[in-house]
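Please examine the sequence and the structure shown below.

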Amino acid sequence: MRYLFIVQGEGRGHLTQAMTLENLLRERGHQVDKILVGKSPSRKLPDFFVNGVQAPVEQFESMNFMPSFDNRKPNMISTVLFNSFNLHRFYPSMQMIRDEIRMINPDVVVNFYELLAG
């Protein structure tokens, strides 16, 4: 089977899950055609991910969690407000995701918590 991954790029958990699933699928003879990863100006895609996957990786502008005052957890009110006022910035990303799905035509799309792919 052919797979396309769409990964929320904030933090490390979704990235490592995608790496692990790609390895498991390839070991079983499946194909991961591409990995789309959400990005924002405040985060850089880590080298361990770029070097640890075999599928081509493409990034797109995505929503971001806004930190709390003490930077220990997300501030949900600020997050909702910030992303709501910036929805226009994410429309090209949603179009790109749609176009990639149509072009690749995978058997399965795996979404690792990327809201724009919902």
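Strands (E, at least two residues) and helices (H or I, at least four residues) are DSSP runs, numbered from the N terminus, and two strands pair if DSSP finds at least two bridges between them. The model is predicted: local features need pLDDT of at least 70, side-chain atom pairs count only at pLDDT 80 or more, and totals for chains, interfaces and linings use all residues. Residues are numbered from 1 along each chain as its sequence is written, and side-chain values use heavy atoms, with hydrogens and water left out.

Strands of a sheet pair through backbone hydrogen bonds, either parallel or antiparallel. Here, strands S1 (residues 2-7) and S2 (residues 31-39) run parallel and are joined by six bridges. Within this pairing, tyrosine 3 stands opposite valine 32 of S2. The whole sheet is open and holds four parallel strands in the order S3-S2-S1-S4. Its edge strands, each of which pairs on one side only, are S3 (57-61) and S4 (108-112). From one strand to the next, the twist averages 20°.

Which strands does helix H1 lie across? Helix H1 (residues 13-27) lies across S1, S2 and S4, and runs at about 170° to S1. Such angles run from 0 to 180 degrees between N-to-C directions, and axes are lines fitted to C-alpha atoms, for helices over the stretch in contact. Helix H4 (residues 87-104) also packs on the sheet; H4 touches S1, S2, S3 and S4, and its direction makes about 150° with that of S3. Contact here means heavy atoms within 4.5 Å.

The residues Phe90, Ser93, Met96, Ile97, Glu100 and Ile104 are buried, that is, under 20% relative accessible area, whereas exposed means over 50% and partly exposed in between (1.4 Å probe, protein chains only). Seen down the axis of H4, these buried residues fall within an arc of 105° and so line one face of the helix; the arc is that of the directions from the helix axis to the C-beta atoms. They pack against S1, S2, S3 and helix H3 (76-85). On the other side of H4, His88, Arg102 and Met103 are exposed.

Finally, the axes of H3 and H4 come within 5 Å and cross at roughly 70°. The two helices are therefore roughly perpendicular to each other, a term for angles of 65 to 115 degrees (under 35 counts as roughly parallel, over 145 as roughly antiparallel and the rest as oblique). Phe82, Asn83, Ser84 and Phe85 of H3 make the contact with Leu87, His88, Arg89 and Phe90 of H4.
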